[in-house]
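Hi,

Here is the structure I promised to pass on. Have a look at it first, and then read my notes below.

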Amino acid sequence: MSWSFPIGRLLGSEVRIHATFFLLLLWVGASAWGIGGAGAALSNILFVMALFACVVAHEFGHALMARRFGIRTPDITLLPIGGLARLERMPDRPFQEIAVALAGPLVNVVIAAALWLAGFGPSTSLALETSAGAFASALLSVNILLVLFNMIPAFPMDGGRVLRGVLAIFLPRLRATLFAVRIGQAFALAFAAYALWSGNFLLGLVALFVFLAGNAELGQMKSRAALSDLSVGDAMLRDFTHLSPDAPVSAAAELVRSSDQSIFPVVGRDGKLAGFVEADTILEADGGGRIADVMETDVMSLPMSRPAGHLLDVLGERHAIGVTGPSGRLVGYVTQGSAAGLLRRRAPR
């Protein structure tokens, strides 16, 4: 995600923080300073950081449950509006989706229960005080609110995914998604009406976000349904030129100038994908070095027999992915453009 940077790795996932998160801390600190001075500002900033530590734990709940089903979580990003765990793909089986969706709120239940057992009852007010007890009580209350908010049956909240998972037990997945999205959008319209009546601008933004996120989820499921009878091999580019990691950049630049290929797979001696390099990158680096010095190595491949719908899960922030045959050797690759072209051809008229 742009405007975010890594702060470390934990349990196999890179933890990232969005630059705008610091604006939230600045706003919280400045607002509290104007009311209660430096002590209030520090207390509020520490509380926000503790709250977002709970949010990160919530996202790791999703990630660790997804790992049980063979789904990696490359990164978790901390945003001013919460956390985002980027799973390689969503589970296709209803019970797996329900389990992954519930794992996040369950973490907040465990945190709230631990604080309760430690003797900190829920606070009747979220106004922060300087005592440790008031701080912990407010944190307990916010974890309860996180559970309640996330279980609203509306995408992209966990409750929406639980609802879709339950409906998918009895209905085709696309139809289950349609019903779940429409129910979630009904909640969004109710939020919007209340926001207009109460003047709650933030709730209005949440309503708009939920409504648009529901449309995005439905659109993705329609795209997946359009590709349901195709494989990754049907979307791959078969006629292409590949490069060797040891090839001189200068020689590759001459090749680029006579080719209309915009991205080049880099293939090792074993015939397996070693990386990708864009034509513009080669031209910018023309003058010395090897392809291995300029290629992107954070790449992935899919077997050509894998359902084409998996492309929607992995192509989001990648320029291309490799396609492998039964032996694991590279036989083609898929770009965002070739996948989009396949979707256009399959879209209902």
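Asp298 counts as exposed, because its relative accessibility is 55%. You'll find Asp298 in the loop that runs between α10 (291-294) and β7. Asp298 also belongs to a negative surface patch, together with Glu278, Asp280, Glu284 and Glu296. Before you go further, please keep in mind that this is a predicted model.

Now for the overall picture. The protein has 12 helices and nine strands. Of its 349 residues, 44% are buried. If you draw a box around the C-alpha atoms along the principal axes, it comes out at roughly 70 × 50 × 40 Å.

Strand β7 covers residues 301-303 and pairs with β8 in the parallel sense, over three bridges. Within that pairing, Leu302 has Val323 of β8 as its bridge partner. On to β9 (residues 330-335): this strand runs antiparallel to β8, and five bridges join the two. Here Gly322 stands opposite Tyr333 of β9. The hairpin of β8 and β9 has five residues between the strands, and Gly328 takes a positive phi near 90° there.

So is β8 buried or exposed? Five of the five residues in this strand (320-324) are buried, so β8 is largely enclosed by the rest of the structure. Ala320, Gly322 and Thr324 point one way from β8, while Ile321 and Val323 point the other way, and all of them are buried.

Next, the charged pairs. How many salt bridges does the structure hold? There are eight, and I'll walk you through a few of them.

The pair I'd look at is Arg164 and Glu217, whose side chains meet in a salt bridge at 3.2 Å, N to O. Arg164 sits in helix α4 (residues 158-170) and Glu217 in helix α6 (residues 201-226), so the pair ties together parts that are 53 residues apart in sequence. Arg164 counts as buried because its relative accessibility is 0%. Glu217 counts as buried too, at 10% relative accessibility.

Another salt bridge joins Glu254 and Arg257, with the closest N and O atoms 3.1 Å apart. These two residues are three apart in helix α8 (residues 249-257), which means about one helical turn separates them. Glu254 is exposed, at a relative accessible area of 52%.

Then there's Arg16, which forms a salt bridge with Glu14; the closest N and O atoms are 2.8 Å apart. Arg16 counts as buried at 15% relative accessibility, whereas Glu14 counts as partly exposed at 22%. Those two fall into separate classes because the cut-off for buried is under 20%.

One last stop is Phe120. Where is it? Phe120 is in the loop between α2 (94-117) and α3 (132-150). With a relative accessible area of 27%, Phe120 is partly exposed. Phe120 and Leu139 are 19 residues apart in sequence, and their C-alpha atoms are 9.4 Å apart in space.

That's what I have for now.

Cheers

Terms used: Residues numbered from 1 in each chain as written. Predicted model: local features only at pLDDT ≥ 70, side-chain atom pairs only at ≥ 80, totals over all residues. Heavy atoms only, no water. Buried < 20%, exposed > 50% of the residue type's maximum accessible area, 1.4 Å probe, protein only. Helix = DSSP H or I, 4+ residues; strand = E, 2+ residues; numbered from the N terminus. Pairing = 2+ DSSP bridges. Patch = residues over 30% accessible without salt bridge, like charges linked within 9 Å, V, L, I, M, F, W, Y side chains within 5 Å. Areas by Shrake-Rupley, 256 points an atom, 1.4 Å probe, with all protein chains shown as cover. Salt bridge = Lys/Arg side-chain N within 4 Å of Asp/Glu carboxyl O. Lys, Arg positive; Asp, Glu negative; His and termini not counted. Charge placed at Lys NZ, Arg CZ, Asp CG, Glu CD.
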